[in-house]
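Subject: Structure for your files

Hello,

Here is the structure you were expecting, with notes on what was found in it below. Please read them with the model open.

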Amino acid sequence: MVNLKSTPTIDTPSSPVSNPAADEGDFVEIWLDPLQNPPYVLLLRGDSRRNYEILDPAQNYAVMFACCGYEEAKNWLLEDKQEPVAGRLTLQCEK
């Protein structure tokens, strides 16, 4: 897991849930390739219906990969040498 040391920082506490598939809320995780300079960033977005998408912010948030399981999404990112940034942003959706 990558821990970024930059200023300013956004305090996003790590999720106490070890498997986000059990999480009932929507979330976004930041994944990056730390070997590139600047690091190549991708976002992993999950929702309460257990849909997962890998988004590329550099390509106007185009969906790079979609699946129905967190482990499958995580493995796709790991195959591409991406590493998760500590913490997770929980999304508050208006209903």
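The largest nonpolar core has 11 residues: Phe27, Trp31, Leu42, Leu44, Tyr52, Ile54, Phe65, Cys67, Tyr70, Ala73 and Leu77. A nonpolar core here is a set of buried Ala, Val, Leu, Ile, Met, Phe, Trp, Tyr and Cys residues joined through side-chain atoms within 4.5 Å. Buried means under 20% relative accessible area, exposed over 50%, and partly exposed in between, with a 1.4 Å probe and protein chains only. At least two residues of this core come from each of strand 1 (26-33), strand 2 (40-46), strand 3 (52-56), strand 4 (62-67) and helix 1 (70-79). Helix 1 gives the most, three residues. In soluble globular proteins, nonpolar side chains tend to be buried together.

Before the rest, the basis. This is a predicted model, in which local features need pLDDT of at least 70 and side-chain atom pairs count only at pLDDT 80 or more, while totals for chains, interfaces and linings use all residues. Residues are numbered from 1 along each chain as its sequence is written, and side-chain values use heavy atoms, with hydrogens and water left out.

Overall layout

The chain has one helix and six strands, in the order β-β-β-β-α-β-β from the N terminus. Helices (H or I, at least four residues) and strands (E, at least two) are DSSP runs, numbered from the N terminus. Of the 95 residues in the chain, 31% are buried. The chain exposes about 6600 Å², and carbon and sulfur atoms supply 52% of that area; accessible areas come from the Shrake-Rupley method with a 1.4 Å probe, and for residues only the protein chains shown count as cover.

The strands

Strand 2 and strand 3 run antiparallel and are joined by four bridges; two strands pair if DSSP finds at least two bridges between them. Leu44 has Ile54 in strand 3 as its bridge partner. These two strands form a hairpin with five residues between them, and Arg50 in the turn has a positive phi of about 65 degrees.

Strand 3 also pairs with strand 4, in the antiparallel sense, over five bridges. Here Asp56 has Ala62 in strand 4 as its bridge partner. This hairpin too has five residues between the strands, and Asn60 takes a positive phi near 60 degrees. Strand 3 is largely enclosed by the rest of the structure, because four of its five residues are buried.

The helix

Tyr70, Ala73 and Leu77 are the buried residues of helix 1. They lie on the same side of helix 1, because they cover an arc of only 70 degrees around the axis, taken from the directions from the helix axis to the C-beta atoms. These buried residues pack against strand 1, strand 2, strand 3 and strand 4. Ala73 touches Leu44, Tyr52, Ile54, Phe65 and Cys67, not counting residues up to four places away in sequence; contact means heavy atoms within 4.5 Å. After helix 1 comes Lys81, with a positive phi near 65 degrees.

The cysteines

The structure holds zero disulfides, a disulfide being a pair of cysteine sulfur atoms within 2.5 Å. Cys67 is in no disulfide, and its nearest cysteine sulfur, that of Cys68, is 6.8 Å away. Cys67 is buried, at a relative accessible area of 10%, whereas Cys68 counts as exposed at 62% relative accessibility.

Regards
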